[in-house]
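Biologist: I keep meeting labels in structural write-ups. Please take me through the ones used here, with the cut-offs.

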Amino acid sequence: MSRQSSSLLAIAAVTLALIPAPALAHTTPTPTPPAGKAAAAKKTPKPVDCTQVKCIALTFDDGPGKYAGTLLDTLKKYNAKATFFLEGQYVKSRPSYVKRMAEEGHELGNHSYKHPKFTEIEPWAIRSEIKKTQDEVKKAAGVEPKILRPPYGLADLQVTEVAAEFDMPIVLWTAGSRDWDTKNVEAIKKQTLEIAEQDGIILMHDWVKQTVDAMPSIVKTLQSRGYHLVTVSEVVKKQDLKPGDVFPLPQGWEN
C-alpha cells in the first residue's frame, strides 16, 4: 500500500471517530411503515356483493334516539351495518351519535326535521324540512344523506318532485318490526325474524328501548341464518334508483 493511500485511510478513520454517534445513526435511517396503518389495511373488510350473498337491511327511523349508543355498540360487536333515517331536530340535540354512525360505516338517511306528513304540507315546507336536516347532519358528521324516507312513508308526486330536487331517491321498507306498537322484546324479535327475507328492508326505531334490547339476539340469529347485515343502499343497488324514484313502490303505484 502506498503512503498516500495509507494517509487517506487514516484521515477517514479519524473523521469517522470525531462524528457523534447520534449523527452517524441519523445518516442511515431505516424507514418502516407505521404498524397501525399496516394493520388497518389488513383489517379493511371487502364490500359485500348482495347479488352473490344473502343480504338484509335493518333501518332505524326517527333518531338518533337516546339509546342509539347502545345500539351502535351491538352493531360494532357483531360487525353489522345499518341505516339510520334521522330527524334533524334529534341530530341537533345528539350530534355525537350521528358522527359515530358515520365513522363506523353506517348509512345516514333524511327523515325530515320534525316529522310532518309531507303529503299534507306545501312544497316549500317539504324543502325546508329536508334542507334543515341535511344541514344538521353535515354539521354533525361531515356528510350529507343521499336517500330520503318521508315521515310515515307517505309520498305522492309532489314529494317525489321535491326529492328529485335534492338528488335523492325515496327508500321505504319491505316490512316492519312493529316495535313502536308492541314495545315488547320477545314480540319484536319474533316479528323481525318472521319477516326477514333476502334483500329485505326492515323498519325499526332506535328510540324504542325494547328494540335496542332485542338487537343482540336479532343480529346473532340473522347472521346464523346466513344473512349479511348491510346498509339499505347495498340492498337497493341493483334497482339503479334515480332521484325521485320510490322503492319499494307503495301498493297501487305503477312503475
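The questions and answers below go through the labels one by one.

Biologist: What kind of model is this, and how are residues numbered?

Modeller: The model is predicted, local features need pLDDT of at least 70, side-chain atom pairs count only at pLDDT 80 or more, and totals for chains, interfaces and linings use all residues. Residues are numbered from 1 along each chain as its sequence is written, and side-chain values use heavy atoms, with hydrogens and water left out.

Biologist: What makes α4 and α11 roughly parallel?

Modeller: The axes of α4 (residues 68-77) and α11 (residues 209-224) cross at roughly 5° and come within 9 Å. Angles under 35 degrees count as roughly parallel, over 145 as roughly antiparallel, 65 to 115 as roughly perpendicular, and the rest as oblique. Therefore α4 is roughly parallel to α11. Axes are lines fitted to C-alpha atoms, for helices over the stretch in contact, and angles run from 0 to 180 degrees between N-to-C directions. Helices (H or I, at least four residues) and strands (E, at least two) are DSSP runs, numbered from the N terminus.

Biologist: Which residues of α4 and α11 meet?

Modeller: T70, L71 and T74 in α4 meet V212, M215 and P216 in α11. Contact means heavy atoms within 4.5 Å. By class, this contact has four nonpolar, two polar and no charged residues. Ala, Val, Leu, Ile, Met, Phe, Trp, Tyr, Cys and Pro count as nonpolar; Asp, Glu, Lys and Arg count as charged; the others, Gly among them, are polar.

Biologist: Why is N79 called exposed?

Modeller: Buried means under 20% relative accessible area, exposed over 50%, and partly exposed in between (1.4 Å probe, protein chains only). N79 has a relative accessible area of 56%, so N79 is exposed. N79 is in the loop between α4 and β2 (83-86). Its phi is near 50°, a positive value in a residue other than glycine.

Biologist: And what label does K183 get, exposed or partly exposed?

Modeller: Partly exposed, because the relative accessible area of K183 is 39%. K183 sits in the loop between α9 (179-182) and α10 (185-195). Phi of K183 is near 50°, again positive in a residue other than glycine.

Biologist: How do you know that R100 and E104 form a salt bridge?

Modeller: A salt bridge is a side-chain nitrogen of Lys or Arg within 4 Å of a carboxyl oxygen of Asp or Glu. For R100 and E104 the N to O value is 2.7 Å. The pair qualifies as a salt bridge. E104 counts as buried, because its relative accessibility is 19%. D73, R100 and E104 are linked in a network of salt bridges. By this rule the count comes to 12 salt bridges.

Biologist: What does the salt bridge of E165 and R127 tie together?

Modeller: The E165 and R127 side chains meet at 2.7 Å, N to O. E165 lies in α8 (residues 157-165) and R127 in α7 (residues 123-141), so the pair ties together parts that are 38 residues apart in sequence. E165 is partly exposed at 48%, and R127 is partly exposed at 32%.

Biologist: Where are K238 and D199, the other pair?

Modeller: Their side chains meet in a salt bridge at 2.8 Å, N to O. K238 is in the loop between α12 (232-236) and β8, and D199 in the loop between α10 and β6 (200-205), 39 residues apart.
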